[in-house]
Amino acid sequence: MTAVATKRQNFNITPEQEAEISWLRDALGASSVKDTVLRAVRIAAVLSRETQQGGQLVLRTATGEIVRIVIPELERPADD
């Protein structure tokens, strides 16, 4: 069995950020803050890969309407 190198990550967060993480933890059903952050990173990575390949994010509302979701941090910059 090989040893896995680990690195401790420490950072300060504001009460507002703590509340956001807590809300997301509940929404994702995550067992810990670490699990919450890792799941969020994985979700963001999938969405980022799709948008980088030209995909668009859409959802269907409860009424059946299709709505495009724009997440500026994930959108590909326009070609000039």
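A pocket, as the word is used in these legends, is an open set of grid points with protein on both sides within 12 Å along at least five of seven lines, and its lining residues have an atom within 4 Å of a point.

**View 1. The largest pocket and its lining in the predicted model.** In this predicted model, the largest pocket has a volume of about 300 Å³. Its lining is made up of Thr6, Lys7, Gln9, Asn10, Phe11, Ile13, Ile21, Val33, Lys34, Val37 and Leu38, and these residues divide into six nonpolar, three polar and two charged. Helix α2 supplies the largest share of that lining, namely four residues.

View 2. The chain has a mean pLDDT of 90, with 92% of its residues reaching 70 or more. Confidence is highest in helix α1, which spans residues 15–28 and has a mean of 97, and lowest in α2, where the mean is 94.

**View 3. Thr36 and its surroundings.** Thr36 is a residue of helix α2, which runs over residues 33–52. Because its relative accessibility is 2%, against a cut-off of under 20% for burial, Thr36 counts as buried. When neighbours within four places in sequence are left aside, the residues in contact with Thr36 are Ile21, Leu24, Arg25, Leu28 and Ala30.

**View 4. Ser22 of helix α1 and its separation from Val33.** Ser22 has its place in helix α1, and with a relative accessible area of 38% this residue is partly exposed. Ser22 and Val33 stand eleven residues apart in sequence, while their C-alpha atoms are 7.7 Å apart in space. Val33 is also one of the residues that line the largest pocket.

**View 5. The salt bridge between Arg39 and Asp35.** Side chains of opposite charge can pair when their charged atoms come close. A search of the whole structure finds one salt bridge, in which the side chains of Arg39 and Asp35 meet with an N to O distance of 3.1 Å. Both partners belong to helix α2, where Arg39 and Asp35 are four residues apart, about one turn of the helix. Arg39, at 30% relative accessibility, counts as partly exposed, whereas Asp35, with a relative accessible area of 18%, is buried; the value for Asp35 falls in the buried class because that class takes in residues under 20%.

Technical notes. Residues numbered from 1 in each chain as written. Predicted model: local features only at pLDDT ≥ 70, side-chain atom pairs only at ≥ 80, totals over all residues. Heavy atoms only, no water. Helix = DSSP H or I, 4+ residues; strand = E, 2+ residues; numbered from the N terminus. Buried < 20%, exposed > 50% of the residue type's maximum accessible area, 1.4 Å probe, protein only. Contact = heavy atoms within 4.5 Å. pLDDT = per-residue confidence, 0-100. 1 Å grid on protein atoms, 1.4 Å probe; cavity = no way out; pocket = protein on both sides within 12 Å on 5 of 7 lines; lining within 4 Å. Points joined across faces, edges and corners; volume = space filled by probe spheres on them. Nonpolar A, V, L, I, M, F, W, Y, C, P; charged D, E, K, R; others polar. Salt bridge = Lys/Arg side-chain N within 4 Å of Asp/Glu carboxyl O.
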